[in-house]
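Please look at the structure shown here.

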Amino acid sequence: MIHSKVVAMILAGGQGSRLKNLTRKTAKPAVHFGGKYRIIDFTLSNCANSGIHSVGILTQYQPLALNTHIGTGVPWDLDRKGGGVEILPPYMSTEGGRWYAGTANAIFENIDYIDLHQPEYVLILSGDHIYKMDYRKMVAFHQKTKADVTVSVIEVPWEEASRFGILNTKDDDVIYEFDEKPANPKNNLASMGIYVFNWKLLRRYLREDHKNKESTHDFGSDIIPEILRQGHRMMAYRFSGYWRDVGTVDSYWEAHMDLLDPNNELRLYDDEWKIFTKNLDVPPHYISDAGHVENSLLNEGCEVYGTVKNSILSTSSVVEEGAVVTDSILLPYARVGKGAVLKKTIVLSHHKVQEDEVLGDGETITLAGAYDMGIL
């Protein structure tokens with residue numbers, strides 16, 4: 001058996017239906033982000049930078065792009081014998097084949113994988129958030145406070161609090177109540193969907209939850225409240241850095257625009273906490289004599305013959321002569337035809353905006369393309 005003090009389990013099977021055409025053909029964690037990344041790159045890079053090298057990725061919905069992207073885990077230094085990355089899809093068992101029934105059920109179905117590593121702690125992560133976090137600090141907090149469960153929390157705007165699991169704490173950050181998406185939240189301290197569990201304790205509750213026919217087999221709705229009811233010590237770990245749940249088209253666009261703020265907290269150019277991704281081996285970007293670029297990110301392989309302002313161009317996207325792209329996102333291999341005008345538009349991968357086509361009014365976000373190809 002492999003011994004690892006911490007095993008990370010990344011929940012990456014979400015459909016992400018609120019992202020509309022962005023996730024019609026690919027899982028939410030595999031959606032392109034920031035010109036060259038996938039959303040899951042941020043969680044994987046956090047694991048790599050935190051020195052956590054035993055990582056299970058639980059997939060389900062439209063997994064092809066995600067599986068192809070992750071491969072053997074080379075970009076994140078997870079292609080190793082003593083640990084490494086493992087893709088964990090639903091599988092046929094003695095009880096028959098089925099989808100994962102919920103987040104807790106997904107972990108339950110992979111108890112054997114976790115047991116193989118004999119961990120003291122299991123770190124439960126989501127594969128669809130944009131953030132940087134040193135998980136070592138959270139595990140150290142968990143140990144120092146002698147917690148059975150630690151939940152990472154962040155203050156969210158009051159108007160958004162009902163979208164999250166809300167934690168009510170005492171002055172010493174001991175959690176005494178957990179409300180999953182309450183209509184009238186008591187505070188704005190939201191769960192980030194990041195948990196540290198003592199494995200022996202979690203293992204027991206996963207087995208009990210599996211037997212409960214009334215359970216929805218979800219961490220927020222079932223496991224966390226039940227552990228609280230049984231009087232176990234649960235702590236809130238307060239996170240103060242950049243974190244965004246890009247679960248809607250609006251939040252996805254806003255997170256991209258955050259990257260263009262020179263004072264943004266995410267800091268993609270931080271050499272001490274790099275975001276790693278798969279290298280696609282494409283040539284450098286090119287801006288012609290007629291091309292004009294202002295406050296934008298251009299990834300490798302891009303060609304600009306028109307005007308680009310306050311926008312993000314992903315791998316090998318093209319803006320042709322006379323085209324004007326403002327406050328927009330072009331996903332890989334998108335092409336904007338001659339004379340086209342785009343305002344606050346997301347062009348999906350491999351989609352061609354026709355010559356002289358006008359998209360977007362600068363107020364609402366426009367999606368151009370039937371679906372994102374996912375595979376490059």
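Just after H5, Lys146 takes a positive phi of about 55°. This is a predicted model, in which local features need pLDDT of at least 70 and side-chain atom pairs count only at pLDDT 80 or more, while totals for chains, interfaces and linings use all residues. Residues are numbered from 1 along each chain as its sequence is written, and side-chain values use heavy atoms, with hydrogens and water left out.

Helices (H or I, at least four residues) and strands (E, at least two) are DSSP runs, numbered from the N terminus. Helix H5 spans residues 135-144, and Tyr135, Met138, Val139 and His142 are buried in it. Buried means under 20% relative accessible area, exposed over 50%, and partly exposed in between (1.4 Å probe, protein chains only). These four residues cover an arc of only 100° around the axis, which puts them on the same side of H5; the arc is that of the directions from the helix axis to the C-beta atoms. Lys137 and Lys144, both exposed, sit on the face turned away from the buried side of H5.

The structure holds 15 salt bridges, each a side-chain nitrogen of Lys or Arg within 4 Å of a carboxyl oxygen of Asp or Glu. One of them pairs Asp245 with Lys28, with the closest N and O atoms 3.4 Å apart. Asp245 lies in strand S13 (residues 243-245) and Lys28 in the loop between strand S1 (6-11) and strand S2 (32-33), so the pair ties together parts that are 217 residues apart in sequence. Both Asp245 and Lys28 are buried.

Arg229 and Glu226 form another salt bridge, at 2.9 Å between the closest N and O atoms. Both lie in helix H7 (residues 219-229), three residues apart, about one turn of the helix.
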